[in-house]
Every structure is written in structure tokens, then in C-alpha cells.
Amino acid sequence: MTVRSGPVTVRVPATSANLGPGFDALGLALDFHDEITVEATGAGLSIEVLGEGQGQVPLDETHLVVRSMLAAFDLLGERPAGLRLACRNVVPHGRGLGSSAAAIVGGIVAARALVGGEDRLDDLALFQLATDLEGHPDNVAPALFGGLTISWVDGAAAATQRLDCQVPVTVFVPPTAVSTEQARGLLPETVPHGDAVFNTGRAALLVAALLHAPHRLISATEDRLHQPYRAAAMPDSYRLVRNLRVEGVPAVISGAGPTVLAFAQGIDEATPDGWARHRLDVAERGATVLLG
Ligand code: HSE
């Protein structure tokens, strides 16, 4: 057995997916981190959750971090007899900031580090497992690799291109959640060809705008493929996106919502009552192991 005897801590960033036109493809890691600490024990499973999700998430084998660790142990062919897990969460759940991707990526990275399994599960295989568990690659890619990511799926194989990117970000987080499942259920089976053409140009432009043409961000963040269909499920978020855009601030729904992400800081627009507001930078690094 190569199981480490000491604790392993993983810091994993929040992420924003879609970024407007890049549905299920573009993702950005944000400097806002959950931290999970795991330790091998002789038997059993103990879980402590502090912060977001405390008192709400299950404290058994169905906990998403544990499920992800167990899936990784299966691939690694090795599993400690028992586990102690502590989660210190700041990424709000059900708000479109990648909390499930953080849990999945954090769990797999922690499991790999706990059994010294880097040679048995490289980053690409880890990314594939995380994508399989999440169902799409756009949040797990930046959670694992940091920066700006363009992800796609080729058959069942997940792939991603990571890019260095620094852009100022503000997120406006509403007090109530919208589940990704619900938000995906609002999308149509087919879209008009003209809307697909519209988004193709915007998504391509957005990568250029984020890298070196910030004056293009207002045009580049337009979307017709998902945001309009989801508006009724998060009307306050849409109102805020519209108000910000009228003021010239490039604003989008973050992931499946309902958080609003603006590519700017020092924004005049007031934060709606009961919402949280965070000025964030891009996280250059994805999930990071700290051995203690
Ligand atoms: N691309 C996904 C969506 C992100 O918008 O449904 C949320 O997981």
C-alpha cells in the first residue's frame, strides 16, 4: 500500500462557465477557493462541512466529494480502509459558480494524492473522470487547470485547451439557488440556424476579447443559445444583466445561473438587496495539492 499517513489538502477554484456565447465550452477559474482536507483512517467515514452547504449536504457516501474520491480509487485500484474528510466551502451551491465541479475535481485530486497515484491517473484521465461525473467539461476544466479553458467532447472523450488570461471580474450572487438540472431542462432540442451563426461569431470573438481586445467584450458576450431560454427562471438576474449592459458593462449569466458575472470591477450599479458581491481575479492555477 502507498496510502499517505498524513492529511492532504486541496484548494480548488470556483469557475464560471459559458461566459455568454460559449455554452458548454468556455470556462474561467476564479480566485475564490474551496478547500478540502482528507486523511486515511483505519475504518469508517467521517465528514465535516464548514461554510457553504453546512447542514444541507449529506454526510455519508453520497457526499459529492466522497463519491468522486471513490470513483477515483476504483480507477487507481487502491483505497484506504477509512477516510476523514473536512470541507471548508466558500463557493455557494446552486448559483452557477462551479461548486459541483470544485467538489468533483477536489475529490479526485485529493484521492490521487492520498495514494500517490499520479502515474496511474494523469491529468488527462483525471479530467475525463471529472467530466464523466459532472456530465459536461466546461466547469471541471478550469477547476483542474486554472485560467481560461475552451473545452469540447469528441465522442465520449473530453478535451480542453487552457489559455492564460487576466480580466477583472465582479460576481453578483443572488440569495436563492437554481439547479443546473432545472436550467438545462429549459433549453430547446433545436435552435434556429441564425442563432447558431450568431453565437459562433460571438464565441470566437470572446476568446480574442478576453486575451487582448477588451473593447470587444460587450459584443463578444452576446448570446442566443441559452440565456434567453432561462430568463423566466431567474428574472432578477436577467434584469441586472440588462441594466449592466445598458451601462456598457459586459455582463452575462454565470454558468447555468443565477449568479451574474461582469467583466469589470468598480461598477456603479447597486447590489440588489440580499445579494452578495465579490470582486475577483482569474485564478491562474487550478486545483492545488497542499501536503500537511
Ligand atoms: N454549461 C452548463 C450550463 C454550465 O449552462 O448548463 C452549468 O453546469
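A residue counts as buried under 20% relative accessible area, as exposed over 50%, and as partly exposed in between (1.4 Å probe, protein chains only). By this definition, 52% of the 292 residues of the protein chain are buried. The model is predicted: local features need pLDDT of at least 70, side-chain atom pairs count only at pLDDT 80 or more, and totals for chains, interfaces and linings use all residues. Residues are numbered from 1 along each chain as its sequence is written, and side-chain values use heavy atoms, with hydrogens and water left out.

The protein chain holds nine helices and eleven strands. These are DSSP runs, numbered from the N terminus (helices: H or I, at least four residues; strands: E, at least two). The radius of gyration is 19 Å, close to the 19 Å that the globule rule gives for 292 residues, so the chain is as compact as a globular protein of that length. The radius is taken over C-alpha atoms, and the rule is 2.2 Å times the number of residues to the power 0.38. Along the principal axes, the C-alpha atoms fill a box of roughly 60 × 40 × 35 Å.

The chain is divided into two parts: domain 1 (8–164 + 282–291) and domain 2 (169–280). Their bounds come from an automatic or database domain assignment. The C-alpha centres of domain 1 and domain 2 lie 24 Å apart. In all, 26 residues of domain 1 are in contact with 37 residues of domain 2. Contact means heavy atoms within 4.5 Å. Within the protein chain, 73% of the contacts between residues at least 6 apart in sequence join residues at least 24 apart.
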